[in-house]
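Biologist: Please take one part of this model and go through it closely. Then place that part in the wider structure.

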Amino acid sequence: MRQTKVFRNIWLGIENVLMHKLRSFLTMLGVVFGVGSVVAMLSVGEGASKEALEQIRKLGSNNIIISSVKSAEEEQTSTDHSHMSIYGLTYEDQFRIAESFSNIQETAPVKLMRKETRLRERSMELRVVGTTPQWFDLVPRPIIAGRVLLPSDQDKQAPVAVLTEFGARKILATENTIGQTIRIGGDEFEIVGIVKSESGQAGNIQIPDQQIDVYISIEVARKYFGDIEVKRTSGSRSMEKVELHQVLVRVDNTDNVEATAAGIERMLERFHKKKDYIVSVPLALLKQAEATKRTFNIVLGSIAGISLLVGGIGIMNIMLASVTERTREIGIRRAIGAKRRQIVLQFLIETVVLSTTGGIIGLGIGTLIPFLITYFSGMMTVLTWAGVLFPLFISMTIGIVFGLYPAMHAARVDPIVALRHE
Amino acid sequence: MVDLPLTENNEIIRLEEAQKIYQMGVQELHALAGVTLSFKKGSFWAIMGPSGSGKSTMMNILGCLDRLTSGRYFLEDTDVSSLDDNALSELRLKYLGFVFQSFNLIPQLTVQRNIELPLYYLGWDAIRSARRAGELAEEVGLGGRLHHRPTELSGGEMQRVAVARALANDPQVIFADEPTGNLDSATGEQILELLDELNKQGKTIIMVTHEPDIAKHAGNRLHMIDGVIDRIEQN
């Protein structure tokens with residue numbers, strides 16, 4: 001009984017709103033756009049943070065990446081022809097890092113070289129990654145065929161290589177994939193596996209793997225290619241000796257990542273005269289990215305909030321006008337015996353019906369916008385239940401908040417005056 | 001003054017030293033300047049007088065739309081003068097019906113919805129309300145017009161809807177404020193016959209009018225002047 005009365009009141013409210021279709025539609029418009037922008041904003045924000053998480057997943061949230069860089073003084077002297085730059089991380093460093101911290105689960109040394117790779121007439125320059133089997137734990141990627149590097153490859157110093165999907169498609173093309181022999185630099189390697197690869201940036205760290213990678217044992221890389229790289233740039237020749245280009249480190253627990261990174265930094269400082277390395281922490285980047293995104297969301301949210309506020313004020317404005325216009329109706333209802341609170345309720349229900357309907361329409365538009373954004377800009381957008389229900393709830397609240405004043409205004413109408421109102 | 005229960009005297013309305021004073025700037029306007037009277041149950045009264053005589057104020061007070069400045073007003077056994085806005089609304093809803101000169105129907109609502117209005121506030125369900133509205137429309141001769149809007153009706157028909165609406169809550173007293181004022185004399189006559197009929201069924205009717213011809217329908221005529229009773233005529 002009580003329930004049917006609630007429904008009847010709402011139904012009468014809907015009837016009243018439908019009596020003035022155009023006006024009701026115009027009244028809702030503010031809420032439509034407000035809710036639409038909130039929904040769109042939430043899904044863009046949600047998408048952005050999901051994207052950030054995705055990138056961090058690629059980097060590994062428990063990972064620390066230590067990279068070799070040419071120090072500033074080295075950069076200057078390297079213009080000298082006969083000079084050989086020696087810088088960066090050493091095999092010693094990796095060993096020391098692995099041994100010195102109990103929090104570190106695994107480390108992977110990384111030696112990078114660009115080498116011409118050929119299979120008969122097909123050739124392309126690939127990035128040769130000399131590393132250990134641990135790489136594949138630290139940079140986990142799905143295996144498409146065959147296997148990844150094994151400790152036995154390491155021990156035997158076997159000339160085997162793991163290609164990425166992209167490299168395999170370019171070099172192997174239609175050839176029998178696993179077991180194929182290709183030439184890297186001048187030497188023959190047997191393809192033992194193909195893995196997927198990620199590409200791109202995460203924050204300002206390059207993701208460890210690239211599309212054009214080929215993975216071989218570090219021992220093999222050292223034996224075949226050595227530590228010295230000769231670079232020829234426009235006639236001039238420069239030599240660099242870098243033992244390790246990167247050391248990847250995995251820490252046991254996310255909470256320990258930053259402390260361990262600081263420890264590594266302190267330790268390297270003691271053994272390196274120059275600052276020829278960078279310690280980067282994906283987690284710190286994640287936090288930084290999150291903070292930026294939070295600010296971004298707050299800004300977007302305030303704009304959407306303002307448009308909702310404007311929508312609410314619009315509704316209040318029209319409802320106040322409607323109260324004046326319907327003074328006589330209010331007088332009639334009061335004369336018949338309607339109590340003040342019943343008049344309040346009537347107008348409040350009408351406002352809530354308006355704002356909620358506006359909210360539902362806005363939701364429709366707001367869920368469409370993320371699709372368009374994704375379609376045109378490729379930005380990731382995510383619609384969550386909270387992102388849908390929250391704006392709906394807000395639009396209802398707006399109806400109550402901005403409907404209350406006009407409704408109270410209506411209830412204060414004096415029936416005697418109202419009945420004489422033209 | 002003897003404070004007998006009204007019902008023992010077969011009275012339905014009693015005013016005692018009723019005063020209604022409006023503050024107009026520094027001046028006080030005595031719209032009702034101490035009126036004492038009583039109406040018997042089932043009587044038909046016409047309240048007459050020139051404009052400014054206080055007859056509208058009288059009607060607002062008796063109709064529980066307004067409150068006295070001083071004095072007392074009893075409606076059956078209820079001391080209305082002590083009630084708040086909510087209680088007055090409740091009284092209007094349960095015991096009173098109104099018919100106005102300008103009909104005062106809600107233009108957006110159909111005839112049926114207009115008639116149902118008091119029932120809605122009484123909390124009747126939709127089905128019962130619809131049935132009752134149908135019966136009342138039949139009673140005032142508008143059975144076929146239930147789904148029309150007031151704007152599609154003639155003046156006489158609109159006033160019939162208003163009468164049907166006034167009857168919806170089965171009121172004790174029906175107030176009619178110049179009910180024929182906006183109608184031609186023939187249609188006006190029909191509305192008056194309708195009121196006569198209701199009076200015969202036992203409803204107390206209080207009608208405000210300034211036309212003597214129309215007032216003749218009422219068995220009792222209260223002439224007012226300057227906020228006091230001038231004279232009372234009875235057939």
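Modeller: Strands β4(A) and β11(A) run parallel, joined by five bridges. This is a predicted model. Within that pairing, A:Val129 has A:Tyr215 of β11(A) as its bridge partner. β11(A) also pairs with strand β6 of chain A, residues 160-164. Here the direction is antiparallel, and three bridges make the join. In general, strands of a sheet pair through backbone hydrogen bonds, in parallel or antiparallel fashion.

How much of β11(A) is buried? Five of its five residues are, so the strand is largely enclosed by the rest of the structure.

Next comes helix α8 of chain A, residues 218-225. Its buried residues are A:Ile218, A:Val220, A:Ala221 and A:Tyr224. Viewed down the helix axis, they fall within an arc of 155°, so they line one face of α8(A). What does that buried set pack against? The partners in chain A are β3 (104-119), β4 (122-131), β8 (187-195) and β11 (213-217). So β11(A), itself largely enclosed because five of its five residues are buried, is one of the strands that the buried residues of α8(A) contact.

A:Gly226 follows α8(A). Its phi is positive, near 75°. The residue sits in the loop between α8 and β12 (228-233) of chain A. Is A:Gly226 buried or exposed? It counts as exposed, because it has 10 C-beta neighbours inside 10 Å, and the cut-off for exposed is 12 or fewer. A:Glu243 is 17 residues away from A:Gly226 in sequence. In space, their C-alpha atoms are 8.7 Å apart.

Now the domains. The domain assignment of chain A gives domain 2 as 63-252. Domain 1 is made of two segments, 2-56 and 288-420. The C-alpha centres of these two domains of chain A lie 58 Å apart.

The chain as a whole has 14 helices and 15 strands. Its radius of gyration is 34 Å, well over the 22 Å that the globule rule gives for 422 residues, so chain A is more spread out than a compact globule. Along the principal axes, its C-alpha trace spans about 105 × 50 × 45 Å. Buried residues make up 41% of chain A. Of its contacts with a separation of 6 or more, 82% are between residues 24 or more positions apart.

Chain A also meets chain B. There, 15 residues of chain A are in contact with 19 residues of chain B. On the chain A side, the elements giving two or more residues are α1 (2-19), α11 (327-336), α12 (340-377) and α14 (415-420). α11(A) gives the most, with four residues. By class, the chain A side has eight nonpolar, three polar and four charged residues.

Chain B has an open sheet of four strands, paired antiparallel in the order β2-β1-β4-β5. β2 (27-40) and β5 (78-79) of chain B stand at the edges with a single partner strand each, so one side of each is left without a neighbour in the sheet. Between β1 (residues 11-24) and β4 (residues 70-75) of chain B, five bridges make an antiparallel join. In β4(B), B:Phe74 is the residue that B:Arg14 stands opposite.

Technical notes: Residues numbered from 1 in each chain as written. Chains lettered and ligands numbered in written order. Predicted model: local features only at pLDDT ≥ 70, side-chain atom pairs only at ≥ 80, totals over all residues. Buried ≥ 20, exposed ≤ 12 C-beta atoms within 10 Å, placed from the backbone. Arc of directions from axis to C-beta. Contact = placed C-beta atoms within 7 Å. Pairing = 2+ DSSP bridges. Nonpolar A, V, L, I, M, F, W, Y, C, P; charged D, E, K, R; others polar. Domains from an automatic or database assignment. Rg over C-alpha atoms; globule rule 2.2 N^0.38 Å.
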